[in-house]
Amino acid sequence: MPEQDLPPLRPSPQSWLDAVTGDFPAFLRDHVSCEKKASGMALNIASHYPNKPVLLRVMCDLAVEELSHWRETMKILLDYGIEPAPDQRDTYVNALQHLIRRGPSLYLLDRLLVAALLERRGAERFARIGESLAAGTSRFAALAPFYRALAASEARHCGVFIELAGVEFSAAAVTCRLHELHAAEESIMLSLPPAARLH
Ligand SMILES: [Fe+2]
Ligand SMILES: [Fe+2]
């Protein structure tokens with residue numbers, strides 16, 4: 001499904017961006033764990049589907065790419081003298097994962113599409129952060145190009161997950177479920193209080 005056929009993405013509230021820019025070190029501590037979890041998610045998907053070579057190939061690359069995001073983000077924390085924190089519970093991701101239906105085929109479809117929507121929201125938020133850093137004068141302004149590059153990478157990952165869904169399922173099944181999950185993602189996103197976190 002081409003990007004232009006996806007339902008329009010409702011932008012994250014300004015209150016979220018204000019919370020992030022108001023405590024950027026807290027955001028970075030959360031961001032670094034999100035990248036590690038994204039790599040873990042790709043590894044988990046790979047482990048579940050040893051019989052799907054196309055999916056395995058993509059997950060190998062994705063796990064490494066997300067781990068390289070983790071490495072780059074961790075180095076940023078270290079460069080700024082920010083001590084990493086233990087992983088926090090992620091209400092947004094947990095709520096999205098609750099939408100994944102049981103049953104071998106439904107489970108795979110939902111898992112791929114939830115991953116696509118997570119990547120899409122991540123791309124939107126990294127792009128917003130990149131713009132905001134570039135326009136400001138904070139000590140983190142030099143990170144604007146890093147966040148712009150991450151935004152492009154996560155947007156590409158969204159497309160990769162939708163393409164994988166298209167390999168396994170009919171276009172109609174992908175479109176229908178993607179629209180349902182998209183609506184659910186929007187209401188979950190809007191229900192959460194603004195915080196200096198990725199989600
Ligand atoms: Fe990433
Ligand atoms: Fe990603």
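Q: What does Leu113 touch, not counting residues up to four places away in sequence?
A: In this predicted model, Leu113 touches Ala165, Arg177, Leu178 and Leu181.

Q: And which residues touch the most other members of the largest nonpolar core?
A: Leu113 is one of them, along with Leu112, Ala116, Phe161 and Ala165. That core has 45 residues.

Q: Which elements give two or more residues to this core?
A: Helix 1 (14-22), helix 2 (24-48), helix 3 (53-79), helix 5, helix 6 and helix 7 (171-191). The largest share comes from helix 5, with 13 residues.

Q: OK, helices 5 and 6 then. How do their axes cross?
A: The axes of helix 5 (residues 104-135) and helix 6 (residues 144-168) cross at roughly 165° and come within 7 Å. The cut-off for roughly antiparallel is over 145 degrees, so helix 5 is roughly antiparallel to helix 6.

Q: Left-handed or right-handed crossing?
A: Left-handed, as helix 5 passes helix 6.

Q: What's in that contact, nonpolar, polar or charged?
A: The residues of the contact of helix 5 with helix 6 divide into 22 nonpolar, three polar and five charged.

Q: Switching topic: where does Trp70 lie, and is Trp70 buried or exposed?
A: Trp70 lies in helix 3. Trp70 counts as buried because 20 other C-beta atoms lie within 10 Å, and the cut-off is 20 or more.

Q: What is Trp70 in contact with, leaving aside neighbours within four places in sequence?
A: Val32, Glu35, Lys36 and Ser39.

Q: How far is Trp70 from Leu164, C-alpha to C-alpha?
A: Their C-alpha atoms are separated by 24 Å, and the two residues are 94 residues apart along the chain.

Technical notes:
Residues are numbered from 1 along each chain as its sequence is written. Chains are lettered from A and ligands numbered from 1 in the order in which they are written. This is a predicted model: local features need pLDDT of at least 70, side-chain atom pairs count only at pLDDT 80 or more; totals for chains, interfaces and linings use all residues. Axes are lines fitted to C-alpha atoms, for helices over the stretch in contact, and angles run from 0 to 180 degrees between N-to-C directions. Helices (H or I, at least four residues) and strands (E, at least two) are DSSP runs, numbered from the N terminus. Angles under 35 degrees count as roughly parallel, over 145 as roughly antiparallel, 65 to 115 as roughly perpendicular and the rest as oblique. A crossing is left-handed if the near helix is turned anticlockwise from the far one by less than a right angle, and right-handed if clockwise. Ala, Val, Leu, Ile, Met, Phe, Trp, Tyr, Cys and Pro count as nonpolar, Asp, Glu, Lys and Arg as charged, and the others, Gly among them, as polar. A nonpolar core is a set of buried Ala, Val, Leu, Ile, Met, Phe, Trp, Tyr and Cys residues joined through C-beta atoms within 7 Å. A residue is buried if 20 or more other C-beta atoms lie within 10 Å of its own, exposed if 12 or fewer, and partly exposed in between; C-beta atoms are placed from the backbone. Two residues are in contact if their C-beta atoms, placed from the backbone, lie within 7 Å.
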